[in-house]
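The sequence and the structure should be kept in view throughout.

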Amino acid sequence: MGSPVLHGWSIDVEDWFHILEYDRAPDPAAWRRQERRVHIGTQRMLDALDVRGVKATFFVLGWIAEVAPELVAEIARRGHDVGSHGHMHRLLQHLGPDDFARDLDHSLTALERATKREITSFRAPGFSLGPNETWALPILASRGIRLDSSLFLTTRAHGGYPLERSRPFDIVLGDGRTILEVPVVPLRVGNRDLAFSGGGYLRLLPKPVLQAAFQTCELRKTPAVLYLHPRELDPDQPRMRLPLARRFKYYVGLDGVADKVAMLLDRFHFGTLAHVAAATPRDLPLVLDGLA
Ligand SMILES: [Zn+2]
């Protein structure tokens, strides 16, 4: 049997109106006037984790740390890792290197002020670090980021980094610095990639399929990285009038998430992404030449 596989539990802490690439979503200038609900889902998540003694990695928007510093302080106080999810939830494709560095710095300042801790991990909004955005990696390294979880190892609407890896690996930059990558890895079934471990996929898949996907990961000795948002534990959140396909993507299956969270926490072993990396043999490094 050997020891059970340790899977990663991560939460991207943002509010119900932080929806990507929808031009009728509230403008950042109007964010402060929206009903703030991020604490509802975050508290539910913290309680579900605490009951089972599970620690997780919370990638928090810097903006949230500015408007709700006490919530971010509580996440840290309850023993979880706090990383950056950027400041204003901008996709890397929409930010050049200079704007990305500014947004990152802004988030790190707000998060470090709220947690009184050094922030050393990062996840790009929308997993938007693809092969065209590797310029972001040296910037992350220069700001002290040692663990990244921005790579979603398949093709996606925005971002997505198709790469043959199934476990955490080192990204080696041109100057020899490394960043530890804890990617989200879909399950390879035949010649297809099945994403299952978060967001709309997790909400859509029936519980037995979700359970089977995690069991398959265990048989293959590859950790799954679960990712959720506080709004997914807040079925009463206000609904935006999204186009049908997007409405489906954001709102399908909200009522079943709490139940799935409980099932997963009860049946499988989870920890922070740093714990997963420490417990898992590394996959092959990704060497990026010419990036300093
Ligand atoms: Zn996000």
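In this predicted model, helix α7, which covers residues 207–220, and helix α9, which covers residues 257–267, have axes that come within 11 Å and cross at roughly 30°. An angle under 35 degrees counts as roughly parallel, and α7 is therefore roughly parallel to α9. The crossing of these two helices, α7 and α9, is right-handed. On the side of α7, the residues that take part are K207, L210, Q211 and F214, and they meet K260, M263, L264 and R267 in α9. Sorted by class, the contact of α7 with α9 comprises 4 nonpolar, 1 polar and 3 charged residues.

Two packed helices are described by the angle between their axes and the distance between the axes. A second pair can be read in these terms. Helix α3 (residues 69–77) packs against helix α4 (residues 97–115) at an angle of about 65°, and their axes are 8 Å apart. The helices α3 and α4 are therefore roughly perpendicular to each other. The crossing in which α3 passes α4 is right-handed. From α3 the contact draws on P69, V72, A73 and A76, and from α4 on L111, R113, A114 and T115. Its residues divide by class into 6 nonpolar, 1 polar and 1 charged.

Helix α4 also holds A101. A101 is 39 residues from L140 in sequence, and the two C-alpha atoms are 8.1 Å apart in space.

The loop between β3 and α4 may be examined next. M88 is found in this loop between β3 and α4, and H89 has its place there as well, with β3 spanning 81–84. Apart from residues up to four places away in sequence, M88 touches P28, W63 and D103. The C-alpha atoms of M88 and H106, which are 18 residues apart along the chain, are separated by 9.1 Å. The backbone of H89 deserves attention too: its phi is positive, at about 60°, although H89 is not a glycine.

A positive phi is also found in F127, a residue other than glycine, where the value is near 50°. F127 is placed in the loop between β4 (121–122) and α5 (136–142). With 27 C-beta neighbours inside 10 Å, F127 counts as buried.

Another loop residue is T280, which lies between α10 (273–279) and β12 (286–287). Is T280 buried or exposed? T280 has 20 other C-beta atoms within 10 Å and is buried; 20 is the number from which a residue is classed in this way. Which residues are in contact with T280 once its neighbours within four places in sequence are left aside? They are R167, P168 and P223. For R167, the separation from T280 is 113 residues in sequence, while the C-alpha to C-alpha distance is 7.3 Å.

The view may now widen to the chain as a whole. The protein chain has 10 helices and 12 strands. Its radius of gyration is 18 Å, close to the 19 Å that the globule rule gives for 292 residues, and so the chain is as compact as a globular protein of that length. Along the principal axes, the C-alpha atoms of the protein chain fill a box of roughly 50 × 45 × 40 Å. Of the 292 residues in the chain, 45% are buried. Among the contacts in the protein chain with a separation of 6 or more, 79% are accounted for by residues 24 or more positions apart.

Technical notes
Residues numbered from 1 in each chain as written. Predicted model: local features only at pLDDT ≥ 70, side-chain atom pairs only at ≥ 80, totals over all residues. Helix = DSSP H or I, 4+ residues; strand = E, 2+ residues; numbered from the N terminus. Rg over C-alpha atoms; globule rule 2.2 N^0.38 Å. Buried ≥ 20, exposed ≤ 12 C-beta atoms within 10 Å, placed from the backbone. Contact = placed C-beta atoms within 7 Å. Axes fitted to C-alpha atoms, helices over the stretch in contact; angles between N-to-C directions. Parallel < 35°, antiparallel > 145°, perpendicular 65-115°, else oblique. Left-handed = near helix turned anticlockwise from the far one by under 90°. Nonpolar A, V, L, I, M, F, W, Y, C, P; charged D, E, K, R; others polar.
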